[in-house]
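Colleague: Please take a close look at one part of this model, its pockets, and describe what lines them.

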Amino acid sequence: MTAKAVTQRGLYIRSLISVLTIIVIWEAAARAGLAPALFLPPFTKVIAEWWAVCADGSLPLDLGVSLSRAAAGLFLATLIGVPLGIAMARSRLLHWLFDPVIALAFPSPKIAFLPIFILWFGIYSLSKILLIAFACVFPILIGSFAAASSVSRVWIWSAASLGTSNIAMLFRIVLPAAWPRIFASLRVALPVSLITTFTAEMVSGGGGMGGTLMYSQRFFESPTVFAYILTMLGVGLLLDALMLRIQAALPAWSTAW
């Protein structure tokens, strides 16, 4: 076993010990009555409730609704952000036109625009998907712009001197060199899409994980609330791990262009 594998296994073991320690403390504190069950139900009771809502299909249905909204919003943001970011890196005019708008909109709290999106697009999925796209497009756009701007000018000049067309330049030089960093911006946008999805559902309802979580909270169903929170955390962790695995395969993919 290599030193890297040993180090990786050590990190996994340490993470597992940390999680188990938190679970044991949680269960012990709840069983000892250090906090009311309304505020902190035992972990075993939360797991039992999680299994119940999975068995009756309510949690998988809510999770599917939320993930479909997040995926649609992230996909729309990618369709807009990546081409526009690369175009801004290649065109001074586009950079001059869009840079002030990005500088103004990027730091703003996107969830504050939810009432406007509901007013324009209704309370159902469309308003949430567009809000997710609005929240995700800026990190993707900025990451794509930075990635395309960092492509070696020597490569571009060399390709241009050989008569490479602009389209061929884009697909054979710019995109292969910039794609790993663009994908890193997508990894940043992924949790933004999940956070925006869950928050929008909590505020405006319309089903999904966030809507059911707030519904359960109103009726003081604490085990359900914690079961949904744990599911949100687990989904975020799994999706990020998936993105890391895909990103690890990018260098070999990018050199194949």
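Modeller: The largest pocket holds about 360 Å³ of space, a volume being the space filled by probe spheres set on grid points that are joined across faces, edges and corners. A pocket is here an open set of points on a 1 Å grid over the protein atoms alone, where a 1.4 Å probe fits and protein lies on both sides within 12 Å along at least five of seven lines; lining residues have an atom within 4 Å of a point. The model is predicted: local features need pLDDT of at least 70 and side-chain atom pairs count only at pLDDT 80 or more, while totals for chains, interfaces and linings use all residues. Numbering starts from 1 along each chain as its sequence is written, and side-chain values use heavy atoms, without hydrogens or water.

Val19, Ile22, Ile23, Trp26, Phe43, Ile47, Trp50, Leu230, Leu233, Gly234 and Leu237 form the lining of the largest pocket. Helices H1 (3-31), H2 (43-55) and H10 (222-248) each give two or more residues to this lining; helices are DSSP runs (H or I, at least four residues) numbered from the N terminus. By class, 10 of the lining residues are nonpolar, 1 is polar and none is charged; Gly counts as polar.

The second largest pocket has a volume of about 230 Å³. Of its 14 lining residues, Ala71, Leu74, Leu190, Leu239 and Met243 are the closest to its centre. At least two lining residues come from each of H3, H8 (166-204) and H10. This lining comprises 12 nonpolar, 2 polar and no charged residues.
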